[in-house]
Amino acid sequence: MTRVERKSEMSISDKIKRSMAQGSWVRKMFEEGASFKRRYGEENVFDLSLGNPVMEPPVEFHQELKRLVENPLPGMHRYMENAGYPETRAAVATQLSLETGIKFTMNDIIMTCGAAGALNVVLKTILNEGDGVIIFAPYFPEYTNYIDNHGGIVRILPTDEQFIPRLDILETTIGAKTRAVLINSPNNPSGSVYSEDFVRQLGELLGKKETQYGTQIFLVSDEAYRKIIYDGRKYPQVWPYHQQSIVVTSHSKDLALPGERIGYIAVNPACRQREELVDGLIYCNRTLGYVNAPALMQHVVSRLQSVTVPVAEYQKKRDFLYAHLNEMGFSVMKPQGAFYMFPKSPLEDDVAFVRELQSWRVLTVPGCGFGAPGYFRISYCVDDRTLEGSLAGFGKAAQKFNLC
Ligand SMILES: Cc1ncc(COP(=O)(O)O)c(C=O)c1O
């Protein structure tokens, strides 16, 4: 007897089924990497596929954790205000004021479950069904899922050779339905950092378009890697250049705490209708089911706002890898921040090239996973042994494809 599949027998929605079938290249490479490690042994596989920082959190993190365990505060594990502890929000505001020269208060800050939680809260709060959100390729692949989660329509625009968004194309793309432009600097996957001049021009363009259409266009700045910036560069802030700006960030990378899910949203104190926006963000933090950011982590990061992992160590890894890839003949932009490199694939088909590297047990991610075919991403937040071990595979690929 043939079995009839009834719609009611399907355990997941059609939409989720379709999205899962498309999958994520980062996840796929991670899973393939795990199987490679089982087959060849961990030490013979050079996994540069995931953005999972190898560094341990700074010593101050463990000290603070210990202090809290030994001196528990009454009620420290209970529910709190959905925006987070006032003292944590105030600590974030104080640090931000120091870094930016702009006066933030706790009322501009909402503690979240990482930058991912923060992005979902922001998009849920500002988007009407069918509103446009512009992102730039290459981009963090979860953006398209997050925008879709909240009924937004994604528009993907190109960047230039240095992976800087093309403002001329943005100008002709923004329309009456554009609700937000989402930027990410330092960038995952390219490692590019936008200049102050770029941020100023972007702000001017958004202001002009708001006037033209009589709308609010939010500049959502994903600053998950803001503190991981090299060569003594000063981070260009978005705040002075666009009133309707919102920053999302976390301590996943700057304190190496991605598993702890702690981050925050900061709203421009100069934002029009700021109070309504902040109330909406707090409401969505609750109704998306996050309720509040993890209590223990809020207590801990309160006192760690001025602490960062040793960025010089990431810079050393960048210099090492960049020098070797360059010498081998790879075409690659020197990253100015984050911990990724995004070289051109020697083969037009980036998936085929990533497979070639796999044959030498070097695991990377094809650029098509970031909306930028023809490139591949290397994550260098790994230990030195893995980085050094990967060079043989890159060298063989360079020889095979005549890069030198
Ligand atoms: C650009 C970018 N944004 C957001 C996130 C999410 O960060 P979190 O772990 O804080 O949610 C990541 C994580 O890798 C990222 O690369």
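Analyst: Start with a term. A helix here is a DSSP run of at least four residues, numbered from the N terminus. The model is predicted. In it, helix H13 covers residues 384–400, and H13 is followed by Asn402, whose phi is positive, near 50°.

User: What makes H13 count as a helix, and how does its span compare with the expected one?

Analyst: H13 has 17 residues, and a helix needs at least four. From first C-alpha to last, H13 reaches 25 Å, close to the 24 Å expected at 1.5 Å a residue.

User: Which residues of H13 are buried, and what covers them?

Analyst: Buried means under 20% relative accessible area. In H13 the buried residues include Thr386, Leu387, Ser390, Leu391 and Phe394. Their cover includes helix H11, H12 and strand E12.

User: Why is the pair of Phe163 and Phe342 called edge-to-face?

Analyst: The search of the whole structure finds 18 aromatic pairs. For Phe163 and Phe342, the ring centres are 5.6 Å apart, and the limit is 6.5 Å, so they pair. Their planes stand at 70°, which is over 60, so the pair is edge-to-face. The two residues lie 179 residues apart in the chain. Both Phe163 and Phe342 are buried.

User: How do you know that a charge sits over the ring of Tyr40?

Analyst: The distance must be within 6 Å of the ring centre, and the atom within 35 degrees of the ring normal. The charged end of Arg361 is 3.9 Å from the centre of the Tyr40 ring and sits over it. Arg39 likewise sits over the ring of Phe36, at 5.4 Å.

Note on methods. Residues are numbered from 1 along each chain as its sequence is written. This is a predicted model: local features need pLDDT of at least 70, side-chain atom pairs count only at pLDDT 80 or more; totals for chains, interfaces and linings use all residues. Side-chain values use heavy atoms; hydrogens and water are left out. Rings of Phe, Tyr and Trp (its six-membered ring) pair if their centres lie within 6.5 Å; planes under 30 degrees apart count as stacked, over 60 as edge-to-face and the rest as tilted. Buried means under 20% relative accessible area, exposed over 50%, partly exposed in between (1.4 Å probe, protein chains only). The expected span of a helix is 1.5 Å times one less than its number of residues. Contact means heavy atoms within 4.5 Å.
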